[in-house]
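This report describes one protein model, beginning with a strand and its partners and ending with the chain as a whole. Please consult the sequence and structure alongside the text.

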Amino acid sequence: MAIRLAYGYCSLIFRIRVPMSTRPPRSALRLAVRAAAFATCAITLAACNSKNAYIPPPPPKVQVAQSLQRPVTLYLELTGNTQAFNSVDLVARVQGYLVSIDYKDGAFATKGKQLFGIERDQYQQQLDQANATLAANQATLEYNTAEYNRQAALARQDFASQSVMQQWKANQDSAAAQVLSGRAAIELAKINLGYTNVTAPFDGVVSNHLVDVGALVGSGSATKLATIVQLDPMYVYFNLSEPQVLAITQSNAKAGIPFRTTDLSSIPVDIGLQGEDGYPHKGHMDYADPQVNQSTGTLTARALFNNKDQRLLPGLFARVRTPIGRLHKAVLTRNDAIGTSQEGSYVLVVGPDNVVQRKIVKTGDREGQLRVIESGLDPSDWVVTDGIQRAFPGAKVDPQRGQLASAEPEPASPQKAGAPDPVSK
């Protein structure tokens, strides 16, 4: 390009016209023009060949921080469902017409409160009849007892035969049996009469009534009238898979703790409902099935929660977590500072020479915004936490040192086998 410019400039000089009167000789003019053209070309080429000095850009700034070291509780995350502590269908156990509904649908009822009334006239009459029958049986017993005693006295004096005495003895025993039968009939009549008043078996909330006043109930089979549900406390049922059960068993064995399904109240359990952050509801383990279900390969467990504010309702889906181990000095770094490649998870660290290096790490459970690093990272390493897109292995950076924020711990991922169980002691 420079040569073309010089050539064009020289051509322009050759085209300059000189007046005829002042023209020097043709040879001298030609030499002068050629000398000027060559001088101009030389100057132009010299200017084009000059070199500019390259100044490299400053290294990019990145935020770095050292890992945190602190105790970490390891959790087992599961899913479960809430279930009422008690739930009973209220049914009519005797036949009759429904004469009263003594509660408001959805109201809270205390134990023993009458909820439904069934006509009781015939059952009251049955009770009165049983009382009358008992009175007659008692009178018969008294008479037979007196006659037996008289015949026994005569038999001792040989004024009565042994067969007559034995006959009155049989009559006395029969009358005594009739008395016992009469008393049983009275108790049965009282029970049936009591069934005409359907009461709350425990404190709870009663559902809407399913039968109206005037309907015939208890005809042929028990008639469902309503349902009463006890909401405080509340159960949460969840299932542990066979690998999880074996992992806990092996973990306890390493810690010298036997795996057990009894006396579980010391094991805490937390739950969270849909739309809730974290696990705000605190409870404890209440029951674990003593055997694994062969059909599903799971072990059913149950936790118990106080529910005085009735925030928990039966049938809700719940996120469940329970602690299964503890790391006393875990290494944690920012979860978003961890990358993934074909080699596995890695972090970018800045060495003493401000050069970025990549370290392959083995990640563990998550703690809020942090992640447990099981291996591959030294606590003294400065990990790139912000500006990762400007840092790559082998590049030099300008590290801006800071500190990681200690976030509140959140549930960790399901734990692997080998972690000790601190709550099973």
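In which sense do strand 3 and strand 5 pair, and over how many bridges?

## Strand 5 and its partners

In this predicted model, strand 3, covering residues 96-101, pairs with strand 5 in the antiparallel sense, over 3 bridges. Within this pairing, S100 has G117 of strand 5 as its bridge partner.

Strand 5 is also joined to strand 6, which spans residues 197-199; these two strands run antiparallel and are linked by 3 bridges. Here G117 has N197 of strand 6 as its bridge partner. Strand 5 itself comprises residues 114-118 and is mostly covered, with 4 of its 5 residues buried.

## The loop residue E119

E119 lies in the loop between strand 5 and helix 3, the latter formed by residues 121-156. Because its relative accessibility is 28%, E119 counts as partly exposed.

Beyond its neighbours within four places in sequence, E119 is in contact with G96, Y97, V99 and T196. For V99, which is 20 residues from E119 along the chain, the C-alpha separation is 6.0 Å.

## The protein as a whole

The protein contains 5 helices and 20 strands. Of its 425 residues, 37% count as buried. The accessible surface amounts to about 25,200 Å², and carbon and sulfur atoms account for 53% of that area.

Among contacts between residues at least 6 apart in sequence, 77% join residues at least 24 apart.

How values were computed: Residues numbered from 1 in each chain as written. Predicted model: local features only at pLDDT ≥ 70, side-chain atom pairs only at ≥ 80, totals over all residues. Heavy atoms only, no water. Buried < 20%, exposed > 50% of the residue type's maximum accessible area, 1.4 Å probe, protein only. Pairing = 2+ DSSP bridges. Contact = heavy atoms within 4.5 Å. Areas by Shrake-Rupley, 256 points an atom, 1.4 Å probe, with all protein chains shown as cover.
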